[in-house]
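Let's take a walk through this structure together.

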Amino acid sequence: MGILGLSKLIADIAPTAVKESDIKNYFGRKVAIDASMSLYQFLIAVRSEGQQLVSEDGETTSHLMGTFYRTIRLVENGIKPVFVFDGKPPQMKSSELEKRAERREQAQKELDKATEAGDQELVEKFNRRLVKVTKQHSDECKQLLKLMGIPCVEAPCEAEAQCAALVKRGKVYAVATEDMDALTFGSNVLLRHMTFSEARKMPIQEFHFDRVLEGLELNRGEFIDLCILLGCDYCPSIRGIGPKRAIELIRQHRSIEAILDKLDTKKYPVAENWAYAEARRLFETPEVTDPDQIELKWSEPDEDGLVAFLCGSRNFAEDRVRNGAKKLAKAKSTSTQGRLDSFFKVTPATPSAKRKVTRLFAQFTK
């Protein structure tokens, strides 16, 4: 789910925090990709086109197709992807997962009705709602990425939190995901639409956390409280408080505790035992692996291994797999050149240096 309404709120109030960019502008960048979100996109995209790629035994393979070809496109654009997979969800997320299960159960009932009625449009609609990334999907993609020479990271808990930790430690440039809670976890840069921008002919959206805070006039703690008010995976929002009211309340009172102290609970009923403090803790200090213990290594693709894995029972064409492996190897060999800005280190200017620059500027502007 991420954070409800956050992207629109930022676009409305802090538009300078967001910029649109072409994928080619990320040449030389290391990017942590939320793997589950990426796989979900591939599964949904294929079903939206009215087809489902399957192996000989009827198992879905569209997640493998999407991962294989889109990853090649990322590397061809000079990007060094790192796929981060979810670990065990925190206990606080159990209620959200239960709600999702209930929605899938209801979608299955509606799908059965639509199938019986022969309504193909509704069949496709409810089919999409039943899409779920399984452990088998993830395990198969990990094996595929290993054969492609792409690093994978297994997060102990939430993938977005682990991605954010890699960004904050400088291991990667940004997090690529559609879930805005990567910002709530403190990622300096968030990229939306990266894994499907070319396919859908749309630009990548780049969010900068420091500009988000500046535009919203909040510090990080206040921003986390705003995200909890908007609605997150860990606890419900307050009924009746939408994005506009939420930002007004945070700007006025600066914390959820202060808001609750003044809030008219008859007008805005608060859930019993509302666990906002625990949700805040999960955002502030999530369970992640120390990035210094994670080695990110990109290696040459195993062409024969890819053929053995994807062809045969999984129904991939051998010539296309070999062609893809060769494209990947070529792209890796030509993308070793670093970005120009990586060769220079920016250091804070000393007072004397600032005075010297001021004098020089004055001379040139006389």
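Gly 221 is partly exposed, because its relative accessible area of 32% falls between the 20% limit for buried and the 50% limit for exposed. Keep in mind that what you're looking at is a predicted model. From Gly 221 to Phe 283 you'd count 62 residues along the sequence, yet in space their C-alpha atoms are 9.5 Å apart.

Helix α10 packs against helix α13 (residues 276-284) at an angle of about 125°, and their axes are 10 Å apart. That angle makes α10 oblique to α13, and the crossing is right-handed. On the α10 side, the contact is made by Arg 220, Ile 224, Asp 225 and Ile 228, while α13 brings Tyr 276, Ala 279, Arg 280, Phe 283 and Glu 284.

Now for the inside. In soluble globular proteins, nonpolar side chains tend to be buried together. Here the largest nonpolar core has 57 residues, and Ile 10, Val 84, Leu 183, Phe 223, Leu 226 and Ile 228 have the most contacts inside it. Helix α10 (residues 220-230) gives the most to this core, with 7 residues. Apart from this core lies another, of 40 residues, including Ile 23, Ile 204, Leu 306 and Val 321.

What does Leu 226 touch, leaving aside its neighbours within four places in sequence? Leu 226 is in contact with Leu 9, Leu 216, Leu 218, Ala 246, Ile 247 and Ile 250.

Technical notes: Residues are numbered from 1 along each chain as its sequence is written. This is a predicted model: local features need pLDDT of at least 70, side-chain atom pairs count only at pLDDT 80 or more; totals for chains, interfaces and linings use all residues. Side-chain values use heavy atoms; hydrogens and water are left out. A nonpolar core is a set of buried Ala, Val, Leu, Ile, Met, Phe, Trp, Tyr and Cys residues joined through side-chain atoms within 4.5 Å. Buried means under 20% relative accessible area, exposed over 50%, partly exposed in between (1.4 Å probe, protein chains only). Helices (H or I, at least four residues) and strands (E, at least two) are DSSP runs, numbered from the N terminus. Contact means heavy atoms within 4.5 Å. Axes are lines fitted to C-alpha atoms, for helices over the stretch in contact, and angles run from 0 to 180 degrees between N-to-C directions. Angles under 35 degrees count as roughly parallel, over 145 as roughly antiparallel, 65 to 115 as roughly perpendicular and the rest as oblique. A crossing is left-handed if the near helix is turned anticlockwise from the far one by less than a right angle, and right-handed if clockwise.
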